[in-house]
Amino acid sequence: PTGTQSAHGMSSTPGCLRAVPALGAPGESRDALLTGASLHGQTSPFRLTLPLDYTQAAPWPLLLSFHGLGGDHTSSALFEEHGRRAGYIVAAPRGYDDGWGDGWHSWRGFGSVGSPGPAGPTCVGEHWYCYPTCGACTDSCWWTTCDDSVGQVVALLEMLEAALCLDAGRVFGTGESMGGMFLFELAVDPRTSNRIKAYFPTVGSPHNGFNRPPAAAPVTLIGVWGETDTTVPPLA
């Protein structure tokens, strides 16, 4: 994303009518709490970083950054520092953990709770990360919350659009490992597919058999994968 401000092609959000931002402060990273999105009463903190020269005078681009398994909302320091100086907002939410605590924050989708899928089991070996919100898992390949992670992102976007001056035409997503896998779910879900304009997954792809077409085509995507990666192999 870029912080170059031009009247061309910008689509401002309701937060642009505010005299001052309702969240965050220019040049700072601050944590806030997202409530009301979970189907199971869970809450989710997120870290918000505004550019050094942020003002309410014009809409700004937004980067949504999604952590991998074992990470949380504090895992996006590099993007936060770059956005602070390059001129874009960074919002890094924390996935639901179903009460299991640190190390279990996760994102649902991309086949994470769909095994066995069209191509059979989505993992090799026995794992049994069956999260409480899933109830009874079909096999040992289920490994994330069954709460509504896409709904969590929708609620975050609505909260940010009301609090800040965003350019709705320049909302982007990035994620690593599980976070990168989750980007594919955001692209196929009609609630978010037309709200996120481009995706940058790193070592993340949907499970084999769950690579579905986007709900709103065309989609801009650039990804980085490892040909010899055995944890998240580039096969989908």
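Reader: Let's start with a bond. Is the link of Cys130 and Cys137 right-handed or left-handed?
Author: Right-handed, with 90° about the S-S bond. This is a predicted model, where local features need pLDDT of at least 70, side-chain atom pairs count only at pLDDT 80 or more, and totals for chains, interfaces and linings use all residues. Residues are numbered from 1 along each chain as its sequence is written, and side-chain values use heavy atoms, with hydrogens and water left out.

Reader: What joins Cys130 to Cys137?
Author: A disulfide, with S to S at 2.0 Å. The term means a pair of cysteine sulfur atoms within 2.5 Å.

Reader: And what kind of bond is that in general?
Author: A covalent one, between the sulfur atoms of two cysteines.

Reader: How many disulfides does the structure hold?
Author: Four. Another one joins Cys16 to Cys165, with S to S at 2.1 Å.

Reader: Where do Cys16 and Cys165 sit?
Author: In distant parts of the chain, 149 residues apart. Cys16 is in the segment before strand 1 (29–34). Cys165 is in the loop between helix 2 (149–163) and strand 5 (166–176). Helices (H or I, at least four residues) and strands (E, at least two) are DSSP runs, numbered from the N terminus.

Reader: Are Cys16 and Cys165 buried or exposed?
Author: Both are buried. Buried means under 20% relative accessible area, exposed over 50%, and partly exposed in between (1.4 Å probe, protein chains only).

Reader: What is the pairing if I number the bonded cysteines in sequence order?
Author: 1-8, 2-6, 3-5, 4-7.

Reader: In which sense do strand 3 and strand 4 pair, parallel or antiparallel?
Author: Parallel, over three bridges. Leu63 stands opposite Val90 in strand 4.

Reader: Now the inside. Which residues touch the most other members of the largest nonpolar core?
Author: Leu48, Leu62, Leu64, Ile89, Leu160, Leu164 and Leu186, out of 39 residues. Such a core is a set of buried Ala, Val, Leu, Ile, Met, Phe, Trp, Tyr and Cys residues joined through side-chain atoms within 4.5 Å.

Reader: Which element gives the largest share of this core?
Author: Helix 2, with eight residues.

Reader: What is Leu62 in contact with?
Author: Leaving aside neighbours within four places in sequence, its contacts (heavy atoms within 4.5 Å) include Ile89, Ala91, Leu157 and Leu160. Arg170 and Phe172 are also among them.

Reader: Last topic, rings. How many aromatic pairs does a search find?
Author: Nine, over the whole structure. Rings of Phe, Tyr and Trp (its six-membered ring) pair if their centres lie within 6.5 Å; planes under 30 degrees apart count as stacked, over 60 as edge-to-face and the rest as tilted. In Trp104 and Tyr131, the ring centres are 6.3 Å apart and the planes are at 75°, so the pair is edge-to-face.

Reader: Is Tyr131 buried or exposed?
Author: Buried, with a relative accessible area of 0%. Trp104 counts as partly exposed, at 27%.

Reader: Which residues form one aromatic cluster?
Author: Trp100, Trp104, Tyr129 and Tyr131.

Methods: Pairing = 2+ DSSP bridges.
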